[in-house]
Amino acid sequence: MRKFCAIGCVTGSLIYVCTLGLGIIAASAGLFATGAHPAMAATLEGDITQPDALPDITPLSPSLISADLITRLQTALRGLDLYKGNITGEVDSLTEQAVRDYQRRKGLQVTGIIDEALVEQIEIAVNVNSLLDQLATARRARTDHARKALLSDPATRDLIVESLQDETANAARDPSLCFRKPTVRCLLDEALESAKAVPRNEMRNWVFGELLVAQARAGLGAEARDTVRRISDPRLIISALGEIAEAQALAGRDDEALAAAAIIPDVVERAKAYANIAEIIADGGRTLGATAAIAHLREDVRSIGSDARRIAYLAQSSIILYRLEFERDAKVLLANLKEQAESIDDESRRDSALRHVARAMVLIGDMENAATVLTHIVKDSERTPVMISTAETQLRIGEADAALATARAIGTARFRTVVLASIARGRAQSGRRMEAFKILESAYADKGSIRFPFARDYATSQIALAYATIGSTGNPPDAAMFVRASRAAEEIKDERLRAETTWLITFSRYDSGANGLEKSRQTAVQNTENIKSVPTQAWLLAELSENRASAGQADWARALFDQSLEKSSTVTNPWGRARALTRLAQSLIHLVESSNPVPDTISGQP
């Protein structure tokens, strides 16, 4: 009997399809190799034996692997620079070696076996690589543009300094003095030294970006500018200039904020900075500085090519004008922007522009026109932010029933649930605790349909805090509601968010005089300890310190700060240490401003 065997792959992973008169038997080459179990061979065909030499086998085109599949395989492997042969649609030694190399590279079992799933996996890898290459090309183009922009302006040319980017940390420094008697300056100095030791450029740049904001906030302008010069990515340098401007505005230094924004060489980033600092200054009630920033913004947006982006910045400025009591100017501007947005041909960009206009109308109280604009927005993803802002505004101005109706009309569960929790808190604070409870029960049932884990966790945290609000507004405080709050918090899977939520519930118990404070505090402490990352623990404690400082509880604020400081002192990873110390410095600034202790707490050296 003559045997015809189709070879699917070369020796070591062959797939033989052997025609033996009445049928086709497929088996791996290893089955027939020397030393194969004789009982298994006998099971296949009586006394079949392995051919003595490969030439006795007549190779045919594999019946289990199509030529089209092999063509796709070879094309994909060539895209990964693993296959150097011709695209033939036939398996050869080069093809099999390329398959093995791919499997080895990906940590897969190295079998050399080819199937549809493997080919699809390799094709996906090729597509991902192609996308990454496109992104890298675009990133290089943006980087080059940013570098040229910085170099073209004398005011920013000196920020491109290679020498500062190659600094190394001072290994001889002794940080123990700072940890014993911390000041803002020494914390920032230690954060800087830690940042220099971060090995990866992108992570080091990230830390420098956070550090320079804290330096500017503390009034250390020269130090902040030096930190900008340490950033290796020109795009991030431009972004950092905007962050410095915002930090100066937060510190009440309006002229310095405007000056920092003015040297940003990219017009879009400069307009963004002016819009943000105008909002910050307006929130501080400083009309002159805010209107100056808006004037600069209006001048810059004329050079922005994107209609949607220009409209977004101007819509933001209309909200600021309204807060500054220039109501007529705000409404006239928005009416003009509405016409501009409606004239945009591209549907996606038109929806985006209309969203900004509608949201601005909501925030200045022009609900009727906002509702009209909303009907012209096609995509739900662009309609939802407007509806969220509408519900929040309705709640703020006392239209609770309208807010509830708007919230229930939001189609996406993760947004609807959070807004409902916010409305429930508002009802509780206005004395309508039973209504708040019913709304919250509905939100709690709704959160189960949220698909993404963190979004579900966040919604759960908002529900828990709303239960705590209902509990704190009772007279006396409602213990049952606090129990519900604590139980909801324990459902949160994200460790940091669970710890933060339990702390906020604890603060609510304290502020309202509710029972169970110590047990709640112990739970919050334990949840904090359960966070695997020590820098994350330190960061959270620093944020909580600010919360208590804002509530006028200086002793508790300082205790939380000290706990954060102790955690930070144990962090050895440069990236985590630098970020934790930067956050601590910002918290210390907040504590200083809240309690006005000795002046050298900010700038003095320990």
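User: Contact here means heavy atoms within 4.5 Å. The model is predicted, so local features need pLDDT of at least 70 and side-chain atom pairs pLDDT 80 or more, while totals for chains, interfaces and linings use all residues. Residues are numbered from 1 along each chain as its sequence is written, and side-chain values use heavy atoms, without hydrogens and water. Which helices are included in what covers the buried residues of helix 13?

Analyst: Helices are DSSP runs of H or I with at least four residues, numbered from the N terminus; buried means under 20% relative accessible area (1.4 Å probe, protein chains only). Buried residues of helix 13 include V268, Y274 and I281. Their cover includes helix 11 (234-250), helix 12 (254-262), helix 14 (287-301) and helix 15 (307-323).

User: How far apart are the end C-alpha atoms of helix 13?

Analyst: The expected span is 1.5 Å times one less than the number of residues. For the 17 residues of helix 13 (residues 267-283) this gives 24 Å, which agrees with an end-to-end C-alpha distance of 24 Å.

User: Within what arc do the buried residues of helix 3 fall?

Analyst: The buried residues are L69, I70, L73, Q74, A76 and L77. The arc is that of the directions from the helix axis to the C-beta atoms. Seen down the axis, these residues line one face of helix 3, because they fall within an arc of 165 degrees.

User: Which residues does L159 contact, beyond its neighbours within four places in sequence?

Analyst: L159 lies in the loop between helix 5 (116-152) and helix 6 (162-165), and is buried, with a relative accessible area of 0%. Beyond those neighbours, its contacts are R225, V228, R229, I237 and L241.

Terms used: Helices (H or I, at least four residues) and strands (E, at least two) are DSSP runs, numbered from the N terminus. Buried means under 20% relative accessible area, exposed over 50%, partly exposed in between (1.4 Å probe, protein chains only).
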